[in-house]
Amino acid sequence: MKNYFKKFSVMFIIAFAIMFGNFTNAFAVSHVLSVSYATTVRINDTTISFDKVIYVDPQNGDDITGLGNEKYPYSTIKRALEVCSAKGSAIFLKGTTKETTNPINLASKSVTIIGDYLKYGSKITSSISNGSINIYNVYLSNSSTATYGEIFASIASLNLYNCIFEENSYYTNVSVTSSNFYNCLIIKQGIKYNSTINYVNCAFKAKIATNDTCVSNVTYDDKFKLTSDSGRWQNEGTGKNPDGTVANMGLYGGQFAWGTWTGNKESILLNKSTMILTEDASEQLTATTTPAGVGVTWKSSNESNATVDSNGKVTAIKEGQATITATTSDGLTAICIVTVTKKAEQESISLNKSTTNLIIDDSETLIATTTPAGAQVTWKSSDSSVATVDSAGKVTAAKEGTCTIIATTADGLTAKCVVTVIPKGTDPNPQPIDTEYITNIAHAKGTNTNNPGGEVTIIFHGSSDTKLSLVKTADVKDVWIGDNFTYTLVITNTGTKTAKAVVVKDPAPNHIDFNVNGVTTTQGTVDSSSTSKNIIVNVGDILPGGTVTIKIPSTVIA
């Protein structure tokens, strides 16, 4: 039995190991399939686009587990070439090459190799053959001194920019159809040239017959800064090329760094890759293209959140996100992710009353309305001996006098109510001394459907010689169930004094429903307590001879 369990345990472990191995292999395959290569390289102020950019780091990369991106680079150019397209791919080199084969076979591809010798020690020590190549900012030095161990052989097109060139073989360039060296330092060349080389703004350690744009017998320090010619040419700052052009790269101006990309395809760069705007705000995006002045079209991925005009001006519409894309005529793109935040509401606070009268020991609760709603409010009395206020806004009268109740938000906004406290037995809202309270019941004239009397109550304050008249008419004489019509009430002050605080109350006749939302008045407001059976209009003051017209839409019901 023990042996059986041992055997079973061993079999289980073996099975688990097989399963785990399959799992890790599947994971590795999935991991590789998910690789996304970079498509641009930015050095200094220039961004260049390719169909893909593969990273090589001979010291820290790995051809087996690497992914060819900046975080997980390959270790050889040979491995990078396997994933390069036939035309348009770039290899970014960090460190000195450690190739497993020599020469590096381009396999008829057109490739760009980019480096930064002073920063990363980018250096190629192998020969390169069979294809076309552009190389930027790399130290080229072959270790072979053999007759045919030259750096370049069987190359259709060769362009070197800002490179250090040290040829230790007998020949320089064998079977190179087209060869251009721009702003390069030539430390050593082969004794014989198998191909013609076009040198532009180059510096030679030895005296070599070149054109007028180049200089010979130069000396330099360990950072390849030229120390000869009294500093006429240097690889730092801004200088002047021998051909008279301004130098901001290469040996005659600026360190070995990216310079002007000549003769290659367009590039595009935006001044911002992300942007945060509040609703209704705007900001200008600027596209920089190579060559300059290339036509650019603009588009928003979500115009309900943010729009962009033909000049790159972005306008925030509502809270959310949108991607703004700038596209060149060759289809190159640059994007800016725009995040729109909600516009902050304008804060405010108000009270339902600005003044109030209270009898001693009476209470009243003030109501604070804030924007945004629900903001915290603190309450305070200017004189607690006259009236107090609690945390909910309840005001309690203490003694005769006047004080101010102040409501304050967390941000310091305030609203005030003046409280007057009067002795007990006093009317807190007295009528004017020279007026009396009059209720005027007027009888409407005209044909009023199903209610000829048409009683309308008018309540107002005024002296005895203040008089109001009212005429109520309907715009139809005969109606049927379901018909709609309109009552018109005309109120006129026929007295010699102002009628104050006029309120009109009109009850609906039998079989009539009022349309509350349709009621109009030439003065005042329709009271919120109005119903389909009773309309109340707070007219306000009517001067002598003044007239107010109220229209009440109505419907005949069964």
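What follows is a walk through this structure, from the overall make-up to a few side-chain pairings.

Keep in mind that this is a predicted model, so local features are taken at pLDDT of at least 70 and side-chain atom pairs at pLDDT 80 or more, while totals for chains, interfaces and linings use all residues. Residues are numbered from 1 along each chain as its sequence is written, and side-chain values use heavy atoms, with hydrogens and water left out.

Let's begin with the whole chain. It has three helices and 46 strands; here helices (H or I, at least four residues) and strands (E, at least two) are DSSP runs, numbered from the N terminus. Of the 558 residues, 41% are buried, where buried means under 20% relative accessible area, exposed means over 50%, and partly exposed is in between (1.4 Å probe, protein chains only). The chain exposes about 29100 Å², with carbon and sulfur atoms supplying 52% of that area; accessible areas come from the Shrake-Rupley method with a 1.4 Å probe, and for residues only the protein chains shown count as cover. As for contacts (heavy atoms within 4.5 Å), take those with a separation of 6 or more: residues 24 or more positions apart account for 50% of them.

Next, the aromatics. A pair of aromatic rings is described by the distance of the centres and the angle of the planes. The rule used here takes rings of Phe, Tyr and Trp (its six-membered ring) with centres within 6.5 Å; planes under 30 degrees apart count as stacked, over 60 as edge-to-face, and the rest as tilted. Searching the whole structure this way turns up 11 aromatic pairs. In one of them, the ring centres of Tyr-136 and Tyr-161 are 4.4 Å apart and the planes sit at 5°, so this pair is stacked. The two come from distant parts of the chain: Tyr-136 is in strand β7 (residues 128–136) and Tyr-161 in strand β9 (residues 152–161), 25 residues apart. Tyr-136 is buried at 5% relative accessible area, and Tyr-161 is buried at 5% relative accessibility.

What is the geometry of the Phe-485 and Tyr-487 rings? Their centres are 5.1 Å apart and their planes are at 80°, so the pair is edge-to-face. Phe-485 is buried at 3% relative accessibility, and Tyr-487 is buried at 0%. The rule for a charge over a ring is NZ of Lys or CZ of Arg within 6 Å of the ring centre and within 35 degrees of the ring normal. The charged end of Lys-123 does this too, sitting over the ring of Tyr-139 at 4.5 Å from its centre. Elsewhere, Phe-152, Phe-165, Phe-181, Tyr-199 and Phe-204 form one aromatic cluster.

Leaving aside neighbours within four places in sequence, Thr-370 is in contact with Ser-348, Ile-349, Ala-375, Val-377 and Thr-409. Its side chain also reaches the backbone oxygen of Pro-372 at 3.0 Å.

Finally, the salt bridges (a side-chain nitrogen of Lys or Arg within 4 Å of a carboxyl oxygen of Asp or Glu). The count comes to eight. One of them joins the side chains of Asp-280 and Lys-343 at 2.6 Å, N to O. Asp-280 sits in the loop between β20 (274–278) and β21 (282–284), and Lys-343 in the loop between β27 (333–341) and β28 (348–351), 63 residues apart. Asp-280 counts as exposed at 53% relative accessibility, whereas Lys-343 is partly exposed at 41%.

Asp-361 and Lys-424 also meet in a salt bridge, at 2.9 Å, N to O. Asp-361 is in the loop between β29 (355–359) and β30 (363–365) and Lys-424 in the loop between β36 (414–422) and β37 (436–443), so the bridge ties together parts 63 residues apart in sequence. Here Asp-361 is partly exposed at 48% relative accessibility, and Lys-424 is exposed at 56%.

Technical notes:
A polar contact is a pair of N or O atoms within 3.5 Å; within protein, one must be able to donate a hydrogen and the other to accept it, and residues adjacent in sequence count only if both atoms are side-chain atoms.
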